[in-house]
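The structure is shown first.

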Amino acid sequence: MSPPAGLPRLLAGVGRGMESRAAHERRHGPLPTLSTTGLIEVVEHSGLRGRGGADFPTAAKLRAVAARRKVSAVVVNGSETEPASSKDVTLLKHVPHLVLDGAMLCAHAVDAEAVFVRMSEGQAVRNVETAIAERPAGELPIALVVGPDRYVAGEESAVVHQLESGVAKPTLTPPRPYEKGYRNRPTLIQNVETLAQIGLIARYGPAWYRQLGTDEDPGTALLTVSGAVVNPGVYEMSFGTPLHALIDAVGGPREPLQAVLVGGYFGNWLSIEDAWHTRLARESLREHGASLGAGVLIALPARVSGLAESARIASYLADQSAGQCGPCIYGLRAIADAMQELADGSAAPGTVEQIRRWCGEVDGRGACHHPNGAVRFVLSSLRLFAAGEPASRRRRQYA
Amino acid sequence: MKIAVNPIACEGHGMCVELLPELIRLDDWGYPVIEVELVPRSLEALARRAADVCPTLALLLVDE
């Protein structure tokens with residue numbers, strides 16, 4: 001099997017329907033068998049980092065779990081509860097075997113007893129059921145678990161909580177799931193794209209993986225691009241690609257743009273001027289206070305109010321609180337309401353300072369990172385849009 | 001000894017702030033903010049009492 005050159009890699013089998021196991025193996029060859037150290041080594045040399053948003057080195061996570069005894073499960077986290085993201089469901093819908101290959105390699109490496117796939121309601125559940133039924137005899141059985149499509153329900157501790165008790169809400173950490181997760185035993189939870197990358201790296205090797213991307217950010221990433229672009233959708237890009245080349249690749253802007261939201265609803269706004277000087281690379285994004293998160297980019301047109309759009313997202317995030325921690329429940333709502341007043345032009349003087357202070361109060365005071373992500377987004381919105389917008393943009397929301 | 005709040009259990013009854021105003025304050029919504037994590041020896045007895053009387057047992061003591 002000759003390794004695929006260039007792009008696409010992950011999306012190579014994405015067509016209209018689901019790629020069968022036979023077609024998948026014709027494309028990529030059979031799943032190789034790797035020892036624990038073998039898998040961790042190739043993943044480490046590849047430089048792969050988690051694609052669920054946390055950006056943690058995958059080999060370090062694998063090693064931490066593999067070092068523990070009696071690992072209960074590997075969980076394929078396909079929750080993808082970020083509304084602007086559809087990369088993981090794209091993989092599960094069209095090339096589920098690549099994802100399940102990655103899960104099986106990891107399950108073998110950490111000696112897990114079970115494999116779960118966690119999806120959200122309304123996703124391509126039937127395709128994954130079909131794929132599970134096609135897996136070869138002798139593999140660990142795979143159980144599919146469908147949960148609510150709420151923002152925090154895909155958080156790691158919430159995923160374990162759901163497996164344990166059916167309640168898809170975060171729990172107090174530490175202990176993190178890799179220490180004490182499903183059945184109170186170490187549990188490896190990996191994002192769908194991360195596992196699909198492992199399915200390729202195990203076959204073609206780390207040197208192949210590094211043929212694309214940069215030394216610091218090797219390989220490719222899946223991006224979900226939406227907003228005012230000609231062809232919104234899921235794209236695979238090499239790390240290091242300039243953002244303007246990415247916008248060109250999706251057909252270019254549909255109209256003049258003012259900003260790009262990078263990283264999703266927990267992400268950061270880049271002014272369009274900054275965006276044109278930014279590359280899909282951790283260092284370049286960090287210079288503008290941003291990170292790629294789960295690979296979401298939303299292009300905001302120039303004619304709408306950035307404050308109104310930010311207020312809408314802030315309100316969504318307040319509604320998506322799991323409702324467990326007071327500062328998250330009441331603080332995010334207060335912040336979102338004040339953002340709406342700013343957008344309406346009805347805010348009292350000092351509201352921007354009030355919101356900044358509230359953001360500081362709420363940050364870090366939940367059991368999970370929901371409040372932290374929400375205030376990061378709000379602070380970024382204030383930085384870019386609070387200085388004042390032309391009155392013509394006020395009240396115009398972008399749907 | 002350190003103090004922490006379990007934010008899921010905490011319902012904002014405020015007993016901890018009554019007993020330990022030197023270490024804890026309330027936010028705008030009535031929930032405790034730990035200002036000083038490390039409990040001075042002179043306040044350890046009060047911190048134990050605050051943990052005991054919290055109606056939801058949300059004040060956590062971590063012995064070092």
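A:Val260 stands opposite A:Leu270 in S8(A). Strand S7 (residues 257-262) of chain A is joined to S8(A) by four bridges, and the two run antiparallel. Helices (H or I, at least four residues) and strands (E, at least two) are DSSP runs, numbered from the N terminus; two strands pair if DSSP finds at least two bridges between them.

This is a predicted model, in which local features need pLDDT of at least 70 and side-chain atom pairs count only at pLDDT 80 or more, while totals for chains, interfaces and linings use all residues. Residues are numbered from 1 along each chain as its sequence is written, and chains are lettered from A and ligands numbered from 1 in the order in which they are written.

**Sheet and covering helix**

S7 and S8 belong to an open sheet of five strands in chain A, ordered S6-S5-S9-S7-S8 with mixed pairing. Its edge strands, each pairing on one side only, are listed below.

| Edge strand | Residues |
|---|---|
| S6 (chain A) | residues 233-238 |
| S8 (chain A) | residues 268-271 |

On average, neighbouring strands of this sheet are turned by 30 degrees against each other, direction ignored. Helix H16 (residues 370-385) of chain A lies across S7 and S8 of chain A, at about 20 degrees to S8(A). Axes are lines fitted to C-alpha atoms, for helices over the stretch in contact, and angles run from 0 to 180 degrees between N-to-C directions.

Helix H4 (residues 87-94) of chain A is largely enclosed by the rest of the structure, because eight of its eight residues are buried. A residue is buried if 20 or more other C-beta atoms, placed from the backbone, lie within 10 Å of its own, exposed if 12 or fewer, and partly exposed in between. Among the buried residues of H4(A) are A:Lys87, A:Asp88 and A:His94.

A:His94 and A:Gly15 are 79 residues apart in sequence, with 6.8 Å between their C-alpha atoms. A:Gly15 sits in the segment before helix H1 (21-28) of chain A. A:Gly15 is exposed, with 11 other C-beta atoms within 10 Å.

**Chain contact and confidence**

11 residues of chain A are in contact (C-beta atoms, placed from the backbone, within 7 Å) with nine residues of chain B. Helix H14 (residues 326-344) gives the most to the chain A side, with four residues.

The mean pLDDT (the predictor's confidence in each residue, from 0 to 100) of chain B is 96, and 100% of its residues reach 70 or more. The model scores ipTM 0.95 and pTM 0.94.

Terms used. Two residues are in contact if their C-beta atoms, placed from the backbone, lie within 7 Å.
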